[in-house]
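Subject: Structure handover

Hello,

Here is the structure I said I would pass on. My notes on it follow below the view.

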Amino acid sequence: MGKVMTVLKVFPKEDFDAAKLAENVSKISGCVKSSVEDYVFGQKIVKASFVCEDAQGVDFEELAKAVDGVSEVQVDEVGLIS
C-alpha cells in the first residue's frame, strides 16, 4: 500500500487569528505542513497538508472542521504520493 496526501484550505472564523489557526491545525495527527496564505480581498487562510497510509482512510476534512476557530474547510487536492 502507498501513502496518500491530502491538502486542505482551512478558513478561519471572523476575527480569529490565522496564525493561531495554523498552529491548531498542525496539531492534527498526520499534519506535515501548515502555513498561512493570502486569499481574496486581504483574507488569510491556512493551507495544510496531511499524509496517511492508503489503507487507513483518515478523513482529515472532518478532523479539521473540529478544530477551534475553523469556519470552513475545502479539500484542495488528494493524491497517492508513494
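Residues 24 or more positions apart account for 69% of the contacts in the chain with a separation of 6 or more, a contact being heavy atoms within 4.5 Å. Please note that this is a predicted model, in which local features need pLDDT of at least 70 and side-chain atom pairs count only at pLDDT 80 or more, while totals for chains, interfaces and linings use all residues. Residues are numbered from 1 along each chain as its sequence is written, and side-chain values use heavy atoms, with hydrogens and water left out.

Overall form

The chain has 2 helices and 4 strands, in the order β-α-β-β-α-β from the N terminus. Helices (H or I, at least four residues) and strands (E, at least two) are DSSP runs, numbered from the N terminus. The C-alpha atoms fill a box of roughly 40 × 20 × 15 Å along the principal axes. The radius of gyration of the chain is 12 Å, which agrees with the value near 12 Å for a compact globule of 82 residues. That radius is taken over C-alpha atoms, and the globule rule is 2.2 Å times the number of residues to the power 0.38. Of the 82 residues, 34% are buried; buried means under 20% relative accessible area, exposed over 50%, and partly exposed in between (1.4 Å probe, protein chains only).

The sheet

The 4 strands form an open sheet in the order E2-E3-E1-E4, with antiparallel pairing. Its edge strands are E2 (31-38) and E4, each of which pairs on one side only. From one strand to the next, the twist averages 20°. Two strands count as paired if DSSP finds at least two bridges between them. Strand E1 (residues 3-12) is joined to E3 by 8 bridges and to E4 by 9 bridges, and E1 and E4 run antiparallel. Across these pairings, Val-4 stands opposite Leu-80 in E4, and Val-7 stands opposite Ser-49 in E3. Lys-9 stands opposite Lys-47 in E3.

Helix H1 packs on the sheet, touching E1, E2, E3 and E4, and its direction makes about 10° with that of E3. Axes here are lines fitted to C-alpha atoms, for helices over the stretch in contact, and angles run from 0 to 180 degrees between N-to-C directions.

Where is Ser-49 placed, and is Ser-49 buried or exposed? Ser-49 lies in strand E3 and is buried, with a relative accessible area of 14%. Not counting residues up to four places away in sequence, Ser-49 touches Met-5, Thr-6, Val-7, Gly-30, Cys-31, Val-32 and Lys-33. As for E1, 8 of its 10 residues are buried, so this strand is largely enclosed by the rest of the structure.

In soluble globular proteins, nonpolar side chains tend to be buried together. Here the largest nonpolar core has 16 residues, and those with the most contacts inside it are Leu-8, Val-10, Leu-21, Val-25, Ile-28 and Phe-50. Two or more residues each come from E1, H1, E3, helix H2 (60-65) and E4. E3 gives the most, with 4 residues. Such a core is a set of buried Ala, Val, Leu, Ile, Met, Phe, Trp, Tyr and Cys residues joined through side-chain atoms within 4.5 Å. Leaving aside residues up to four places away in sequence, Val-10 touches several others, among them Leu-21, Val-25, Ile-45 and Val-73.

Salt bridges

The whole structure holds 6 salt bridges, a salt bridge being a side-chain nitrogen of Lys or Arg within 4 Å of a carboxyl oxygen of Asp or Glu.

- Lys-20 and Glu-23 form one, with the closest N and O atoms 3.6 Å apart. Both lie in helix H1 (residues 18-25), 3 residues apart, about one turn of the helix. Lys-20 is partly exposed at 37%, and Glu-23 is partly exposed at 41%.
- Asp-38 pairs with Lys-44, with the closest N and O atoms 2.4 Å apart. Asp-38 is exposed at 57%, whereas Lys-44 is partly exposed at 38%.
- Asp-76 pairs with Lys-47, with the closest N and O atoms 3.0 Å apart. Asp-76 is in strand E4 (residues 70-80) and Lys-47 in strand E3 (residues 44-53), so the pair ties together parts that are 29 residues apart in sequence. Asp-76 is partly exposed at 31%, as is Lys-47 at 24%. Lys-9, Lys-47 and Asp-76 are linked in a network of salt bridges.

Regards
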